[in-house]
Amino acid sequence: MVAVFATQNSVMIVPPLLVEIATDLEITVAVAGQLATVTAVGWAVSLLTIGPLSDSFGRRPVALCGLALLAGSVLGSAFAPNLAVLLTLRVLTGLAGGTIPPTSVGVVSDVISPARRAQGVSGIIAINGVAFAISAPMAAVLADWLGWRSAFLAAGGLLALALLASWVWYPRSNRERVHDWAFFSRYWSLLSLRYFRVAVLVGVTQRTAFWGVNGYLAAYLIHTYGVSEAFVALPLAIYGAGQVAGSYGAAFITASRRRALLIAVTSVAGGVSALLCFSVPMGSFWTTVALAVLGTTLLSVTMPALLSISTEYSGDSKSTGASLMGFSNQTSGALGAGIGGALLATTGYVGIGYLFLAVTIGGALLAGLFGRQFGEQAGKVG
C-alpha cells in the first residue's frame with residue numbers, strides 16, 4: 001500500500017499543477033493536460049509486459065526496479081527546463097509506474113485468502129482515492145507557496161522512501177516460480193475468456209470519464225470561479241474521499257449477484273453527475289464540487305470491481321489479469337486527457353461534460369449486454 005500510494009501520488013500531483021505549469025512554460029492548459037496523456041500511454045505500454053514478468057519471475061524484483069526508475073523520473077521532472085523534457089520524463093514515469101499496481105494486486109492475491117480477496121484488491125485500489133485526497137491538495141498548496149517544481153521534489157522524495165521500505169519489507173515468495181517468461185500464453189489464456197474481452201472494453205469507456213474528471217476538475221474550478229490553487233486544495237481533498245468511498249463500495253458490488261447491473265447503473269449515474277458539473281452552470285462553487293464528488297464516487301466503483309472479478313478468472317496469472325485491466329485503465333486515461341484536451345480547446349468545458357456522459361453510457365450498455373460474463377460463476381463462462 002505504501003508503494004501504491006507513492007506511485008499514484010506521482011500521477012495525482014499533476015492535475016492541480018496544470019495552470020501553474022502552463023503559465024511557467026508559456027503554454028495553454030489544454031497542452032499542459034497532455035502530460036497526463038503521455039504518462040497514461042507509457043503506463044499502458046508498461047502494463048503489457050509487467051504482468052507476465054511478475055507472474056513468471058516474482059513480484060519483488062519487478063516492484064523494486066519499477067520504484068527505482070519511478071523515483072528518478074519524478075525527481076528529474078522537478079528540473080525539466082521545457083515542455084519537451086517534461087513530456088519525456090512523464091513517459092518514463094508512466095513506464096515505471098505501470099509496474100506497481102498489477103504487481104501489488106498479484107502479491108495481495110498471493111497472500112490473502114479467496115474469501116477476503118475482493119476486500120484486499122478494493123483496498124489497494126482505494127489507495128488511488130487516498131492519494132488524490134492527500135496528494136492533489138498538497139500539490140496545490142506547494143505550487144501556490146513554492147512553485148510547481150516543489151511538488152515533484154516532494155513526490156520524488158516519497159518514492160525514495162517507498163523504495164527503501166519495499167526493499168526491507170516487500171514480501172518474498174515462498175514458492176518456486178518457473179523462470180520462463182510465458183508472455184503470449186498467459187495473455188492468450190486470459191483473452192480466450194469472454195470476461196476479459198468485455199471487461200477491457202467496459203473499463204476503457206467508463207474510466208475515460210473518470211480520468212477526464214480527475215484531469216480537468218482543478219483547472220475548471222480555478223478558471224470558472226477564480227479561486228486560487230491553494231483554495232482548491234480543500235475541494236480536491238473532499239473529491240478524493242469520494243474516490244475512496246467508491247473503491248471500497250466496489251467490494252460489496254463484487255459480492256452481489258447483480259453486479260453487472262450495479263456496474264452499469266453507477267457508471268451512467270456518474271456520467272450524469274460529471275455532465276452537470278462541467279456543462280450545466282450551477283452558479284455555486286460548492287454545488288459544482290458536490291456534483292464532482294458524487295460523480296467520482298460513482299465512477300470509482302467499476303475498475304476495482306472488474307479487478308476483483310478478474311482474480312476469479314485468472315488462476316496463476318493474477319498479475320497478468322491485473323495488467324489487462326490496468327491497460328484498460330491507462331488507455332482510458334490517455335483518451336480522457338487527450339480527447340478532453342481537444343474538446344477543451346475547441347468547445348470549452350461543455351464538450352468535456354458531454355464526452356463523460358457518452359462514454360459512461362457506452363460502458364453501461366456493454367456491461368448490460370454481456371452481464372452473464374460478470375456472473376458469480378466466474379471462470380466457468382467462456
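**Ground rules.** I am working from a predicted model, where local features need pLDDT of at least 70 and side-chain atom pairs count only at pLDDT 80 or more, while totals for chains, interfaces and linings use all residues. I number residues from 1 along each chain as its sequence is written, and side-chain values use heavy atoms, with hydrogens and water left out.

**Salt bridges.** I looked for a side-chain nitrogen of Lys or Arg within 4 Å of a carboxyl oxygen of Asp or Glu. By that rule I found two salt bridges in the structure.

I began with Asp24 and Arg149, whose closest N and O atoms are 3.5 Å apart. This pair links distant parts of the chain, with Asp24 in helix 2 and Arg149 in helix 9 (residues 148-169), 125 residues apart. Helices here are DSSP runs of H or I, at least four residues long, numbered from the N terminus. For accessibility I call a residue buried under 20% relative accessible area, exposed over 50%, and partly exposed in between (1.4 Å probe, protein chains only). Asp24 is partly exposed at 40%, and Arg149 is partly exposed at 27%.

Next I turned to Glu312 and Arg259, where the closest N and O atoms are 3.2 Å apart. Here too the pair links distant parts of the chain: Glu312 belongs to helix 15 (residues 302-313) and Arg259 to helix 13 (residues 259-279), 53 residues apart. Is Arg259 buried or exposed? Arg259 counts as buried because its relative accessible area is 3%. Glu312 has 36%, so I noted Glu312 as partly exposed.

**Cysteines.** How many disulfides are there? I needed a pair of cysteine sulfur atoms within 2.5 Å, and the count came to zero. I also checked the accessibility of two cysteines. Cys65 is exposed at 57%, whereas Cys277 is buried at 1%.

**Glu26.** I noted a positive phi of about 60 degrees at Glu26, although Glu26 is not a glycine. I found Glu26 in the loop between helix 2 (18-25) and helix 3 (29-32). With 74% relative accessibility, Glu26 counts as exposed.

**Ser135.** My last stop was Ser135, in helix 8 (residues 117-146). Ser135 counts as buried because its relative accessibility is 3%. Which residues does Ser135 touch, not counting those up to four places away in sequence? Taking contact as heavy atoms within 4.5 Å, I listed Phe5, Asn9, Met12 and Ile13.

Note on methods:
Helices (H or I, at least four residues) and strands (E, at least two) are DSSP runs, numbered from the N terminus.
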